[in-house]
Amino acid sequence: RGSNLHNEALRNMAALRCVSLICESVGMLPVNLIKDGPKKEHARDHGAYRVLKYKHNGWQTPYEAKSQIQLSVLENGSGYARVIWSRGRPIALIPLAFERVRAELGDDFEMRYYYTRSDGGQVQLSQREIFHLRDLSTDGVTAIARMKLAKGAIKLARDAEKAAGRIFETGNMAGGAIESPNELSETAYGRMKQSMSDEYEGAQNAGKWMILEEGAKANKFGSSAVDAQHIENRNAQIAEVARAFGVPRPLLMMDDT
């Protein structure tokens with residue numbers, strides 16, 4: 001059910017753009033392990049250096065793994081990855097599905113994680129075996145999901161999209177009307193209709209003026225106050241979604257003027 005809610009939220013283009021920008025940006029950022037000392041240099045001899053910089057696991061690039069973990073943070077508040085150790089050295093980092101992990105803080109102030117396998121069995125993992133990335137948190141254990149916090153704003157933006165869709169489906173989308181002071185003869189009406197069909201259809205004729213007869217006038221429809229308000233409401237909801245994710249409006253390809 002949670003996955004369906006998230007998929008529904010990402011059908012809003014503003015939310016999808018925000019999430020894509022954040023996840024892709026995090027995925028592209030290089031991660032370097034630096035030695036602790038008076039001189040800063042890469043810790044190439046450390047086991048985690050290659051894992052973080054070049055190969056998180058056997059089937060994902062660092063970009064894919066980091067993007068996946070960040071997406072889980074935005075959707076659920078937390079992102080988890082299993083740290084695989086061999087002879088005291090980390091050799092792989094495997095992202096875990098959020099719904100399969102339960103995090104707890106023990107009385108000894110050590111984190112414990114309970115992972116449910118695909119066969120239904122449960123494995124207890126120590127904090128040494130889990131990389132846990134959190135968003136805003138009130139207790140330091142669980143985190144608040146931005147996508148859930150922005151649920152109302154995303155829903156309003158989706159409703160605005162649906163309203164726009166209904167206008168295109170059922171509304172009058174004509175650009176204007178041809179007005180004649182007198183009733184057109186059958187011959188004149190036929191010629192005008194044929195002329196509109198043959199000479200003014202297609203993108204190559206966009207912006208051309210028509211030749212009218214028998215005193216006919218072309219009246220172009222203007223945007224109504226309702227149309228302007230609808231556009232303003234949609235832009236306001238896009239800004240609300242962007243605000244929830246901390247993404248500047250220009251990055252959502254909005255005209256800020």
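**View 1. R128 meets the ring of W85.** In this predicted model, R128 lies over the face of W85, at 3.7 Å from the ring centre. A charge is said to sit over a ring if NZ of Lys or CZ of Arg is within 6 Å of the ring centre and within 35 degrees of the ring normal. Residue numbers start from 1 along each chain as its sequence is written.

View 2. How many aromatic pairs does a search of the whole structure find? There are 3. One of them joins Y49 and Y54 in an edge-to-face arrangement, 6.3 Å centre to centre with 70° between the planes. For such a pair, rings of Phe, Tyr and Trp (its six-membered ring) must have centres within 6.5 Å; planes under 30 degrees apart count as stacked, over 60 as edge-to-face, and the rest as tilted. Is Y49 buried or exposed? Y49 counts as buried, because its relative accessibility is 5%. Buried means under 20% relative accessible area, exposed means over 50%, and partly exposed lies in between (1.4 Å probe, protein chains only).

**View 3. Y80 and Y113, a pair from distant parts of the chain.** The ring centres of Y80 and Y113 are 5.9 Å apart and their planes meet at 70°, so this pair is edge-to-face. Y80 belongs to strand 1 and Y113 to strand 4, 33 residues apart. Strands (E, at least two residues) and helices (H or I, at least four) are DSSP runs, numbered from the N terminus. Y80 is buried, with 5% relative accessible area, and Y113 is buried too, at 3%.

View 4. Find R87 in the loop between strand 1 (78–86) and strand 2 (89–96). R87 counts as exposed because its relative accessible area is 85%.

**View 5. F109 in another loop.** Look for F109 between strand 3 (101–105) and strand 4 (111–116). Although F109 is not a glycine, its phi is positive, at about 60°. With a relative accessible area of 66%, F109 is exposed.

Methods: Predicted model: local features only at pLDDT ≥ 70, side-chain atom pairs only at ≥ 80, totals over all residues. Heavy atoms only, no water.
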